[in-house]
Structure formats: C-alpha cells, structure tokens
Amino acid sequence: MLSMEVLAAGLFALALLHTFCAKLFERLAHRSTRHAGLFHLLGEVEVVFGFWAFVLVATMALVQGGSEAIAYAESLQYTEPLFVFVIMVVAASRPVLLTVERLVNGLARLAPVRTVVTQVWLCLALVPLIGSFITEPAAMTLAALLMAPLVFNTAMPERLKYAALGVLFVNVSIGGTLTAFAAPPVLMVAATWNWDSTFMASTFGWRACVAVLINASVMTALLSRHLADAPAAPAPADAATVPLTVRAIHLAFLAGVVLFAHHPVIFLGLFLFFLGFTQAYAHYQSPLILKEGLLVGFFLAGLVVLGGMQQWWLQPIVGSLQPTALFFGALGLTALTDNAALTYLGSLIAGMTDASKYALVAGAVAGGGLTVIANAPNPAGVALLRKGFVDESIGAGGLLLGALPPTAIAALAFLL
C-alpha cells in the first residue's frame with residue numbers, strides 16, 4: 001500500500017501538470033457550449049492548487065481517517081495566503097494606486113525619452129525594488145495594474161507580453177532582497193540565521209539591483225517600438241478629487257498591514273477597518289479587487305496544503321548538495337515549489353555553512369519567476385494581467401520561456 005507521502009507527491013505532480021494545461025482548458029471552454037463552465041473553472045490557474053489540495057485532504061481522509069485529515073489541515077500556517085489577499089486589495093485601492101501612478105508619471109516626465117517608455121522602465125525597475133519596503137506582493141500588485149494598459153494589451157505581440165511578464169516576475173522576486181522582511185524566502189531564514197537588513201543589502205541587495213536594472217533596461221528597449229500603439233494608463237475622471245487626507249489614510253493602512261504582516265489577527269483587523277473606511281468614503285474609491293485577491297489566497301493556501309507533505313523528498317536534496325550545486329538545485333527546484341517553502345526547509349538543516357546558506361537563498365530568489373508557483377506574488381500578477389493574453393489565460397510554457405533570460409541575468413549577478 002502506498003504511503004500518504006508518496007500519494008501526496010503524486011498529487012503535487014498532477015497539480016504541477018495541471019498548471020501547464022490551464023491554457024488548454026481555457027481553449028476548450030471557448031469551443032465547448034455544454035461544459036464551458038467546467039473547462040473555464042479548470043483553466044483558472046488560481047484554482048489549480050486549491051482544487052488538488054481538496055483532493056489531497058479527501059484522499060487522506062479515506063486512507064488515514066477524517067480526524068487525521070482535519071488535524072493535518074489545521075496544523076498548517078495560512079498567514080502568507082491571508083496576507084497576500086489583504087495586501088493585494090489594499091495596494092490596489094484607487095488612492096494608493098493613484099499615488100504611485102503619479103509618482104511614476106512625474107519621474108517619467110523628467111526623463112529625456114518618451115514618457116510611456118520611461119513609465120514601463122520604472123514599473124519594471126523602480127516598483128520591484130520598492131517591494132523591499134512595501135513587500136513583494138504589494139509591489140507585484142502595483143506594477144501589474146500600472147503596466148496592464150501599457151504593455152498587456154491587444155496591440156502588443158504575445159511573445160513580448162510573455163517576455164515582459166517573465167521580467168516582472170523575476171525582478172519582483174529578486175527586488176525584495178534589499179531588506180530582511182519583504183521577500184518570503186528571505187523571511188523564512190532571516191531570524192534563524194541572524195540575517196538583518198544591513199546584511200541583506202550588502203550581500204544580496206546590490207547584486208539584485210544590478211540584475212533588476214539590466215533586465216528592465218533590455219526589456220524596455222525591446223518593448224519601446226511597440227509602445228506607441230499602447231495608450232498610457234488613463235486616470236479616472238474624478239481622480240483629482242481624491243483628497244490628500246484620503247490618500248494618506250490608505251497609505252497608513254498599507255503601512256500597518258506591512259508592519260504586522262506576520263500577525264494575521266492584527267492585519268485582518270486593520271483590513272476590516274479599511275473595508276469600513278472604503279464604504280464610508282465610497283465616492284473616492286474604485287471597486288476593490290476582492291475576487292482576484294480571494295482567488296490568489298485560495299491558490300496559495302492550496303500550495304501550503306500540498307507543499308506541507310513534500311518535505312520528505314525536498315529536504316534530503318537540499319541538505320546533500322555543495323554550494324554551487326545547491327545554487328542551481330535551488331534555482332531549479334523553485335520552479336516546482338514555492339521558494340519560501342524551499343528556504344524554510346533549508347533553515348531546518350543544522351550545520352549549514354555560510355556559503356550554502358547564501359547559495360540556497362540566492363538560487364531560490366533567482367528562480368522565483370520561472371513558474372506561477374515559484375514565488376508567492378506571482379499568482380497575483382497572473383490574476384491581474386491574464387486578461388491581456390490570448391484566451392485570457394497565461395500559459396506555463398510561455399511564462400517559463402519568457403522568464404529564462406532574466407533568470408540567467410539574476411543568476412549571473414548572484415554568482416559573480
């Protein structure tokens with residue numbers, strides 16, 4: 001009889017395969033009339049891991065009993081899915097988005113090149129680096145919303161949209177390494193290994209900046225001749241009427257959620273106050289992205305459930321490799337599992353050398369753009385940008401190909 005660990009690994013493999021088939025299900029949904037709803041549901045990338053997590057819990061209930069299945073599900077930590085949901089909704093609110101948009105537009109107008117070109121460069125370079133202070137999920141949300149009308153539209157060639165998506169995912173993954181609290185894979189090891197923000201900036205951060213700037217500059221150059229047909233993001237007609245006080249309050253909510261990112265009771269309480277404030281001043285708001293945030297949270301919660309039973313084969317691999325092999329091993333394994341889960345497993349290994357610690361984290365963040373599951377903010381980017389792609393679906397193969405060049409640049413930056 002197969003052990004539960006082997007069954008869980010098999011279901012995890014099926015979930016990974018499902019992510020690569022998501023675009024196929026979307027195409028079937030457009031061709032089918034009788035089962036379009038089912039195919040569309042199976043084509044939702046954000047649903048994949050939640051669906052297979054349910055299959056895992058149901059399988060565990062059949063094999064080990066219902067009480068064991070419930071105990072396993074309740075033993076896991078869901079802080080990260082909850083945080084990503086909350087930070088997505090708050091960061092995407094109109095006052096916050098308007099503030100960041102005005103900052104980007106103001107800087108873009110100072111550059112000696114076309115404004116739209118500079119806007120795209122800032123979204124690919126500045127916003128991911130700001131993620132080191134407002135957290136990576138918030139940076140992903142803001143960058144995706146600002147770039148959507150500029151790059152991810154019908155006028156842009158599909159191959160360039162995948163390339164831009166790959167650069168965005170990689171830059172957000174490495175752009176959060178200037179501090180010790182913003183990138184999930186860094187956060188998992190920072191306390192255990194005594195890595196503070198000064199250490200992160202001097203060891204990882206400057207290398208990340210180099211890679212981010214190179215990736216953003218090359219990608220913007222490739223996009224530039226196609227941006228003339230891509231309209232600049234229009235400001236809401238009444239955007240100017242949003243008072244500075246309202247913007248400041250929204251930014252305060254955002255700062256509070258970031259400050260208490262590891263205390264769900266606090267940031268969920270702040271979120272409820274935030275919802276009340278948006279209702280009280282609804283005329284200053286746009287519709288909140290609650291659906292998108294919930295889908296992303298569901299995806300990440302499913303990944304927590306499925307990933308919680310992969311330690312038996314992941315940890316021996318991580319613990320057996322020498323630093324250089326560990327770097328490339330972590331880079332590759334990150335494509336198959338969340339990079340924060342990978343570094344967490346590394347933090348449990350006693351006696352790791354400093355070189356191995358660096359190699360593990362560097363490889364994990366460098367590979368954070370290869371797949372949807374590689375880094376926690378990636379599902380947020382998919383949820384917000386998929387409407388700009390054919391069939392309103394992002395193919396896993398296209399994302400992988402688009403992310404390979406910026407991943408190679410990031411890997412070189414961390415290795416050299």
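## Two helices side by side

Helices α7 and α11 run roughly antiparallel to each other, because angles over 145 degrees count as roughly antiparallel and their axes cross at roughly 160°. This is a predicted model. Helix α7 spans residues 115-134, and helix α11 spans residues 197-223. Their axes come within 9 Å. The crossing of α7 and α11 is right-handed.

Two packed helices are described by the angle between their axes and the distance between the axes.

## What makes the contact

On the α7 side, the contact is made by V117, V120, W121, L124, A125 and L129. On the α11 side, C209, V212, L213, A216, S217, M219, T220 and L223 take part. By class, 12 of these residues are nonpolar and two are polar. None is charged.

An α-helix has 3.6 residues a turn, so residues three or four places apart point the same way.

## A closer look at α7

Helix α7 is not straight: a bend of about 40° falls at L122. The helix is mostly covered, with 15 of its 20 residues buried. T135 follows α7 and has a positive phi, near 80°.

A208 is a residue of helix α11. A208 has 0% relative accessibility, so this residue counts as buried. Setting aside neighbours within four places in sequence, A208 is in contact with I174, T177 and F414.

A282 lies 74 residues from A208 along the chain. The C-alpha atoms of A208 and A282 are 39 Å apart.

Technical notes: Residues numbered from 1 in each chain as written. Predicted model: local features only at pLDDT ≥ 70, side-chain atom pairs only at ≥ 80, totals over all residues. Heavy atoms only, no water. Axes fitted to C-alpha atoms, helices over the stretch in contact; angles between N-to-C directions. Helix = DSSP H or I, 4+ residues; strand = E, 2+ residues; numbered from the N terminus. Parallel < 35°, antiparallel > 145°, perpendicular 65-115°, else oblique. Left-handed = near helix turned anticlockwise from the far one by under 90°. Contact = heavy atoms within 4.5 Å. Nonpolar A, V, L, I, M, F, W, Y, C, P; charged D, E, K, R; others polar. Bend = angle between axes of the 7 residues up to and from the residue. Buried < 20%, exposed > 50% of the residue type's maximum accessible area, 1.4 Å probe, protein only.
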